[in-house]
Amino acid sequence: MKNTKGIFTISLDFELYWGIRDKKTIEQYGDNILGVWQVVPKLLEFFSQYQIHATWATVGAMMSKNKEEFLQFLPEKKPNYQDKNLSPYLDFTENLDKIDKKLVYGNTLVELVQNTKNQEIGTHTFSHFYALEPLQNQEYFFADLEAAKNIAKSKNIELKSFVFPRHQLNQNYINQFPEYGIETYRGTEKVWYHSAARGEEEGVLKRAIRFADYYFPMFSHHCQSLSEIKQGNLYQIRASRWFRPFSEKWKSLDFLKI
């Protein structure tokens, strides 16, 4: 048989509290977010040691160094989700002054990544935008993407890679990526339990099988043919294995990950 080489791609969602604010309170998850400030420098040191290339899909809002800079780059049009809790532009941003800065402003962490060899900074939208939720639309989405591009440009970062928050892929938006300088995006696996869906469509069965898939071979080999990556003017790198962090509750199953 012909011996062919595969490619193992590493991408990280880089979001601080912006990525979990609609799911967890600061009391529930704040310590985990603060841990990012220890983890990122260690990861970068490790990546440098072993010459590992990675893409950091960064929420634009967390590139800010303070509230003043955040407000400077707000999108002109903000999403009006049916579920108001999904928008950070209501109570959350009004109360930013009351939140530990390390939970929401990651400018110095972004600079660390930027100054480390072989690391790319991509975008995870400006506000952790949900592209399939009711009442969001194309106008809001591309206003958000422009905001992400603008704050990145102010820091000499050119965004070429895109990761949809919660993997809510919207093909109508993907088709227009080349107009905004986006060349590569993270897709989803072809199996049904990894399909793009709005939050309310993520049923118990789908979540249960995804959880089992972290530990046991289910219905996918988690690989993508190199021949299908390039699609017109874009490259789609499908998500495969999500790195599930250590859990005291599930530690007896950790050997199954390997």
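In which helix does L109 lie? L109 belongs to helix α5, which covers residues 107–114. This report describes that residue and several others.

## Basis of the report

The structure is a predicted model, in which local features need pLDDT of at least 70, side-chain atom pairs count only at pLDDT 80 or more, and totals for chains, interfaces and linings use all residues. Residues are numbered from 1 along each chain as its sequence is written, and side-chain values use heavy atoms, with hydrogens and water left out.

## Overall form

The chain has nine helices and seven strands. Helices (H or I, at least four residues) and strands (E, at least two) are DSSP runs, numbered from the N terminus. For 258 residues, a compact globule would have a radius of gyration near 18 Å, and the chain agrees with this, having 18 Å. The radius is taken over C-alpha atoms, and the globule rule is 2.2 Å times the number of residues to the power 0.38. Along the principal axes, the C-alpha atoms fill a box of roughly 60 × 45 × 40 Å.

Of the 258 residues, 45% count as buried. Buried means under 20% relative accessible area, exposed means over 50%, and partly exposed lies in between (1.4 Å probe, protein chains only). Among contacts in the chain with a separation of 6 or more, 73% come from residues 24 or more positions apart; a contact means heavy atoms within 4.5 Å.

## Surface and charge

The accessible surface of the chain is about 15,000 Å², and 52% of this surface belongs to carbon and sulfur atoms. Such areas come from the Shrake-Rupley method with a 1.4 Å probe; for residues, only the protein chains shown count as cover.

The chain carries 33 positive and 31 negative charges, and their mean positions are 5 Å apart. Lys and Arg count as positive and Asp and Glu as negative, while His and the chain ends are not counted. Each charge is placed at NZ of Lys, CZ of Arg, CG of Asp or CD of Glu.

## Aromatic rings

A pair of aromatic rings is described by the distance of the centres and the angle of the planes. Rings of Phe, Tyr and Trp (its six-membered ring) pair if their centres lie within 6.5 Å; planes under 30 degrees apart count as stacked, over 60 as edge-to-face and the rest as tilted. By this rule there are 24 aromatic pairs. One of them joins F141 and F142 edge-to-face, with 5.0 Å between the centres and 90° between the planes. F141 is buried at 1% relative accessibility, and F142 is buried with a relative accessible area of 5%.

F141 also pairs with Y173: the ring centres are 4.4 Å apart and the planes stand at 20°, so this pair is stacked. Because F141 lies in helix α6 (residues 138–153) and Y173 in helix α7 (residues 171–174), the pair ties together parts that are 32 residues apart in sequence. Both F141 and Y173 are buried. One aromatic cluster includes F141, F142 and Y173, together with others such as Y81, F129 and Y185.

## Buried residues

L109 is buried, with a relative accessible area of 2%. Leaving aside neighbours within four places in sequence, L109 is in contact with F14, L16, V36, W37 and V40. The C-alpha atoms of L109 and Q224 are separated by 31 Å, and these residues are 115 residues apart along the chain.

M62 lies in the loop between β2 (54–58) and α2 (67–72) and is buried, with a relative accessible area of 0%. Beyond neighbours within four places in sequence, the contacts of M62 include F14, L16, W18 and V110. S161, in strand β4 (residues 161–162), is buried with a relative accessible area of 12%. Not counting residues up to four places away in sequence, S161 touches T55, E120, G122, T123, I182 and T184.

## Residues in other loops

R241 lies in the loop between β7 (234–238) and α9 (254–257). This residue is exposed, with a relative accessible area of 56%. Leaving aside neighbours within four places in sequence, R241 is in contact with D213 and H222.

Where does N118 lie? N118 is in the loop between α5 and β3 (119–123). Its phi is near 70°, a positive value in a residue other than glycine, and N118 counts as partly exposed at 29% relative accessibility. H128, in the loop between β3 and α6, has a positive phi near 65°. At 2% relative accessibility, H128 counts as buried.
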